[in-house]
Amino acid sequence: MIELRNIEKKYGETVALKKVSLRIERGEIFAVIGNSGAGKTTLLRILSMLETDFLGEYLFNGKDARERAEEVRGRITMVFQNPVMFKGSVFDNVAYGLRVRNVDSDEIEKKVEEMLKLFRLERFRDKSARKLSGGEKQRVAMARAFVIDADVYALDEPTANLDPENARIIEKTIKKIKERGKTIVLATHNLFQAKRLADRAAYIESGQIIETGESKELFENPKHPRTQNFIYGFDFF
Amino acid sequence: MAWEYVVNGINGAIKLVVNGDPELVDIAIRSVKVSGIAAVLAAIIGVPVGVVLGLSRFKGRGLLKSIFNALLGIPTVVMGLILYLFLAPAGPLGFLGLLYTEMGISFGQMLLILPIVISFTVSSIESVEREIRDLALTLGANKIQIMFKIVEESLSGIVLSIIAAFNRAVAELGIALMVGGNIFVRGGGLNTRVLTTSIQMYVARGEIDYALALGTILIAIVFTITAISNYLQKKWVGYD
């Protein structure tokens with residue numbers, strides 16, 4: 001579904017990604033793990049076509065993504081680490097992606113209500129989204145993305161700095177969305193979360209993919225010394 | 001003795017304001033009208049320019065922004081002098097017949113406050129542009145929808161720029177004095193006396209009560225306009 005070949009990205013003189021090659025299959029949860037500044041966000045921004053100025057090849061469903069960036073953006077939605085809220089109510093925020101697609105108002109009402117229920121946001125429906133807590137904002141950001149019938153959701157540290165209750169709601173919903181056949185790319189430095197959710201994972205360090213594999217295999221039996229160093233620094237059990 | 005002078009002035013001012021002195025009312029209305037027209041004209045020109053400048057990236061954009069920022073601090077006396085030379089009958093814009101007219105003051109004030117509207121609009125757009133653009137883009141918005149969303153998100157800053165521009169216009173003296181000429185004939189239709197020029201004149205004449213009354217009205221106008229704009233922003237622009 002998604003194939004990256006030798007992707008390179010620079011911001012001025014800073015190299016953010018070096019020769020990144022990846023394959024992400026339809027319907028899987030693919031975790032990109034690594035420390036802060038490793039290049040996870042840049043990778044997600046490229047997947048979501050928010051960055052189009054990069055070297056290498058990006059194929060989406062076998063076709064060059066850059067040549068049809070707008071179409072790819074319609075199929076991949078990114079949720080940012082710091083949830084940005086539009087002015088307006090929670091309902092308006094969640095409905096935005098449907099409104100720009102000219103979905104009719106009855107349909108918007110139905111889909112938004114469904115998402116608010118899924119993320120337990122019903123009681124905040126008419127409240128100002130900007131006045132919510134960090135965890136509630138993150139849930140709105142997820143609902144706003146998932147209400148769109150995209151093929152792929154790129155989630156950047158979706159539970160970073162959240163309390164356990166909000167993190168639990170979000171993880172539960174990610175699983176539900178996966179059950180609907182959606183593909184999820186999850187960037188996280190939380191190994192426990194990646195292990196719980198992901199089918200496959202890649203370890204990224206200093207802009208380079210060090211190792212990719214089945215989630216269980218990667219976490220329990222990492223091959224590369226740098227992956228071992230990263231993973232064994234954590235005590236899972 | 002010194003305090004008596006001030007206290008008498010304040011007492012006289014209170015009486016003039018409470019009694020609604022017709023001359024004061026006339027001057028105050030003219031001030032609001034002249035500066036209001038200037039603010040509306042500056043908004044009509046400045047907001048679109050600021051939006052384009054805030055949203056687009058082109059060579060020379062930084063220089064253009066720097067010029068508008070530098071013009072924020074232009075002394076009104078210098079601006080008044082330049083405008084006087086341009087609008088004088090023998091000047092390049094003399095044929096417009098704007099010298100010593102209300103419209104002339106509005107035109108001059110519009111030029112003075114245009115950089116305020118443009119610079120503040122650019123700042124408002126830039127403060128939200130990156131994150132709103134990315135968010136709207138990833139949610140499937142097209143270029144036009146993104147542009148409208150960015151402007152919508154910057155609206156409170158844009159409104160604030162227009163209010164700041166009006167307040168600067170209504171409180172300036174140089175242009176009103178040199179282009180307007182502080183003309184006042186009771187019952188006349190071509191008067192150009194506004195609050196700032198009359199304050200300056202009454203102080204020169206030693207009529208402190210009048211000057212204080214007009215000063216009070218000027219401050220009241222500025223505060224009222226700001227309070228109304230805050231209220232309208234909450235009501236119209238909606239949620240914070």
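Biologist: How many residues of chain A are in contact with chain B?
Modeller: 28 residues of chain A are in contact with 21 residues of chain B, where contact means heavy atoms within 4.5 Å. This is a predicted model, in which local features need pLDDT of at least 70 and side-chain atom pairs count only at pLDDT 80 or more, while totals for chains, interfaces and linings use all residues. Residues are numbered from 1 along each chain as its sequence is written, chains are lettered from A in the order in which they are written, and side-chain values use heavy atoms, with hydrogens and water left out.

Biologist: What area do the two chains bury between them?
Modeller: About 2,100 Å², with 57% of it on carbon and sulfur atoms; buried area is the accessible area (1.4 Å probe) that two parts lose on being put together, summed over both. In chain A, the residues that lose the most area to chain B are A:Phe86, A:Lys87 and A:Tyr96, which together make up 31% of what that side buries.

Biologist: And how many salt bridges are there between chain A and chain B?
Modeller: The count is two, a salt bridge being a side-chain nitrogen of Lys or Arg within 4 Å of a carboxyl oxygen of Asp or Glu. A:Arg45 forms a salt bridge with B:Asp134, and their closest N and O atoms are 2.8 Å apart.

Biologist: By class, what is on the side of chain A that touches chain B?
Modeller: That side has 11 nonpolar, six polar and 11 charged residues, where Ala, Val, Leu, Ile, Met, Phe, Trp, Tyr, Cys and Pro count as nonpolar, Asp, Glu, Lys and Arg as charged, and the others, Gly among them, as polar.

Biologist: Switching topic, how many cavities does a search of the whole structure find?
Modeller: It finds two of 30 Å³ or more; on a 1 Å grid over the protein atoms alone, a cavity is a set of points where a 1.4 Å probe fits but cannot get out, and lining residues have an atom within 4 Å of a point. The largest cavity holds about 60 Å³ of space, a volume being the space filled by probe spheres set on the points, which are joined across faces, edges and corners.

Biologist: Which residues line the largest cavity?
Modeller: Among them are A:Phe80, A:Arg144, B:Leu135 and B:Leu139, and by class the lining has nine nonpolar, no polar and one charged residues.

Biologist: And what about the second largest cavity?
Modeller: About 30 Å³ of space lies there, and its lining includes B:Ser31, B:Gln109 and B:Glu172.

Definitions and conventions
On a 1 Å grid over the protein atoms alone, a cavity is a set of points where a 1.4 Å probe fits but cannot get out, and a pocket is an open set with protein on both sides within 12 Å along at least five of seven lines; lining residues have an atom within 4 Å of a point.
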